[in-house]
Amino acid sequence: SKGTAEVAALKGEVKALIADVEAGTLDGNDAAVMLQGYRTLKDYIELERRIRETDELAADVEELKIEYERTGRGAVRRWD
């Protein structure tokens with residue numbers, strides 16, 4: 001999925017960043033600022049996931065409402 005690919009890409013970038021700091025080719029302060037940016041991206045990925053789940057649940061509830069109205073109020077249906 002798109003989210004999984006994004007997370008995998010971010011993990012790769014963070015690992016490369018760590019390697020650069022360890023190798024001495026990137027300043028630790030610069031790396032710290034970059035990692036703050038990665039944390040922000042992670043938070044937005046999580047927010048997107050929550051919004052998508054909420055939208056899907058809302059659609060499911062709407063479908064259930066429509067089905068309830070279609071079958072008539074008070075009608076008892078068994079979900080076997």
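Glu46, Arg49, Arg50 and Glu53 are linked in a network of salt bridges. This report, which concerns a predicted model, begins with that network and then turns to the protein as a whole.

**The salt bridges**

The structure contains 5 salt bridges. Three of them are listed in the table, each with the separation of the nitrogen and oxygen atoms involved.

| Salt bridge | N to O distance |
|---|---|
| Arg49 and Glu46 | 2.3 Å |
| Arg50 and Glu46 | 3.0 Å |
| Lys42 and Asp43 | 3.1 Å |

Glu46 takes part in a salt bridge with Arg49 and also in one with Arg50. How far apart along helix α2 are Arg49 and Glu46? These two residues are separated by about one helical turn, because they stand 3 residues apart in helix α2. Arg50 and Glu46 lie in helix α2 as well, with a spacing of 4 residues, which is again about one turn of the helix.

**The overall form**

The protein has 2 helices and 0 strands. Helix α1 covers residues 2-23, and helix α2 covers residues 28-71.

How does the radius of gyration relate to that of a compact globule? For 80 residues, a compact globule would have a value near 12 Å, but the protein has 23 Å. The box filled by the C-alpha atoms, taken along the principal axes, has dimensions of roughly 70 × 20 × 15 Å.

What share of the residues counts as buried? Of the 80 residues, 6% fall into this class. The accessible surface of the protein amounts to about 6,800 Å², and carbon and sulfur atoms contribute 57% of this area.

The protein carries 13 positive and 18 negative charges. The mean position of the positive charges and that of the negative charges are 7 Å apart.

Val14 belongs to helix α1. Its relative accessible area is 21%, so Val14 is partly exposed; the reason is that buried residues must lie under 20%. The C-alpha atom of Val14 is separated by 48 Å from that of Glu67, a residue 53 positions away along the chain.

Thr71 lies in helix α2, which spans residues 28-71. With a relative accessible area of 27%, Thr71 is partly exposed. Which backbone atom lies 3.2 Å from a polar atom of the Thr71 side chain? The atom in question is the backbone oxygen of Tyr68. Along the chain, Thr71 and Ala58 are 13 residues apart, and their C-alpha atoms are separated by 20 Å.

**Summary**

The predicted model describes a protein with 2 helices and 0 strands, in which 6% of the residues count as buried. Its radius of gyration is 23 Å, and its 5 salt bridges include those that link Glu46, Arg49, Arg50 and Glu53 in a network.

Note on methods:
Residues numbered from 1 in each chain as written. Heavy atoms only, no water. Rg over C-alpha atoms; globule rule 2.2 N^0.38 Å. Buried < 20%, exposed > 50% of the residue type's maximum accessible area, 1.4 Å probe, protein only. Areas by Shrake-Rupley, 256 points an atom, 1.4 Å probe, with all protein chains shown as cover. Lys, Arg positive; Asp, Glu negative; His and termini not counted. Charge placed at Lys NZ, Arg CZ, Asp CG, Glu CD. Polar contact = N/O pair within 3.5 Å; in protein donor to acceptor, adjacent residues only side chain to side chain. Salt bridge = Lys/Arg side-chain N within 4 Å of Asp/Glu carboxyl O.
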